[in-house]
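User: I have a protein model open and would like to learn how to read it. Could you take me through it one feature at a time?

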Amino acid sequence: MIRRRTLWLAVVLVTSGGFMQARAAESLQTRQVLVNGVDLSYLDQGTGAPVVFVHGAFSDLRFWEPQRQAVAQQYRFIALTQRYFGTTPWPDDGKHYAATTHATDLAAFLRQLNAGPVHLVGISYGGVVATLVVLEHPDLVRSLTVLEPGLVSLLADVPDAKREIDERRKAFEPIVSAAKAGETVQATKLFFEWVNNQGAGAFDKQPEAVRQMILDNARTVPLRIAAPAPPAVSCARLGGVKAPPLLRAVNAPGATIR
């Protein structure tokens, strides 16, 4: 009999009004790696079992700064900036922006680490990307932890899910309108306030480091809106994943799936 030892990694998000509160990044050299013809930036600190952190929309590796030091004390902390995010020039006009593209990039990145299966952590859009990787490349992942992933297909059998989804889609309309009008900064601020259930002006009250990171990624708003929907993920398929998954949905119909 093979006995599996599972490592449960607690990831604590420092929040302020429902969002993370970043502190100034400490001196740590950002590395570059060529993945699928694109240079990706990442941070790598600590030793031990590798834990790879995947940011969500309108952010980059700076999102995980509040967790870096604590995680690096016991594990190998790795956080990357996905294609089109961050402050570096785009390799093209953004035509390849899609969850499948980012998942392919992430899988290639994990292979280049050459560190064996990793503990994979993703939030929001990053949770979608991480989930696609564990489904297509289970050999790369030791465990999966995601918070509020936009896996709408998981709600197919949840009562009243369609109404909830329709309401969220309607609430998203002002963000789409602002983006189509070329007002990417306004669209980003509206997105921040909507996703964190905060009122007008909440973005301007955030710490400077948080505002700067989000504004640096405002240019990705049109790409996010125009991107194709990610592949559908069913509970049955996710249940077949051997790596222990933990999916946490907050303020959404449904429950935690372990």
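Predicted model: local features only at pLDDT ≥ 70, side-chain atom pairs only at ≥ 80, totals over all residues.

User: How many helices and strands does the chain have?

Analyst: Helices (H or I, at least four residues) and strands (E, at least two) are DSSP runs, numbered from the N terminus. Here the chain has eight helices and seven strands.

User: What percentage of the residues count as buried?

Analyst: Buried means under 20% relative accessible area, exposed means over 50%, and partly exposed lies in between, using a 1.4 Å probe and protein chains only. Of the 258 residues of the chain, 47% count as buried.

User: Which residues touch the most other members of the largest nonpolar core?

Analyst: In soluble globular proteins, nonpolar side chains tend to be buried together. A nonpolar core is a set of buried Ala, Val, Leu, Ile, Met, Phe, Trp, Tyr and Cys residues joined through side-chain atoms within 4.5 Å. The largest one has 50 residues, and Val52, Leu80, Leu106, Phe109, Leu110 and Leu120 touch the most other members. A second, separate core has 20 residues, including Val51, Phe63, Ile123 and Met213.

User: Why is helix 1 described as largely enclosed?

Analyst: Helix 1 (residues 65-72) has six of its eight residues buried, so the rest of the structure largely encloses it. Those six are Glu65, Pro66, Gln67, Arg68, Val71 and Ala72. Their cover includes strand 2 (38-45), strand 3 (50-54) and strand 4 (76-80).

User: At what angle do helix 4 and helix 5 cross?

Analyst: Axes are lines fitted to C-alpha atoms, for helices over the stretch in contact, and angles run from 0 to 180 degrees between N-to-C directions. The axes of helix 4 (residues 161-180) and helix 5 (residues 184-195) come within 7 Å and cross at roughly 160 degrees. That makes the two helices roughly antiparallel; angles under 35 degrees count as roughly parallel, over 145 as roughly antiparallel, 65 to 115 as roughly perpendicular and the rest as oblique.

User: Which residues of the two helices meet?

Analyst: Contact means heavy atoms within 4.5 Å. Arg168, Ala171, Phe172, Pro174, Ile175, Ala178 and Ala179 in helix 4 meet Gln186, Ala187, Leu190, Phe191 and Trp194 in helix 5. By class, ten of these residues are nonpolar, one is polar and one is charged. Ala, Val, Leu, Ile, Met, Phe, Trp, Tyr, Cys and Pro count as nonpolar, Asp, Glu, Lys and Arg as charged, and the others, Gly among them, as polar.

User: Is Tyr84 buried or exposed?

Analyst: Tyr84 is buried, with a relative accessible area of 3%. Its place is in the loop between strand 4 and helix 2. Among the residues that Tyr84 touches are Trp90, His102, Arg219 and Leu223.

User: What is the phi of Asn36?

Analyst: Most residues other than glycine have a negative phi. Asn36 has a positive phi of about 50 degrees although it is not a glycine. Asn36 sits in the loop between strand 1 (31-35) and strand 2, and at 44% relative accessibility it counts as partly exposed. Glu148, also not a glycine, has a positive phi near 50 degrees. Glu148 lies in the loop between strand 6 (141-147) and helix 4.

Technical notes. Residues numbered from 1 in each chain as written. Heavy atoms only, no water. Lists of a residue's contacts leave out its neighbours within four places in sequence.
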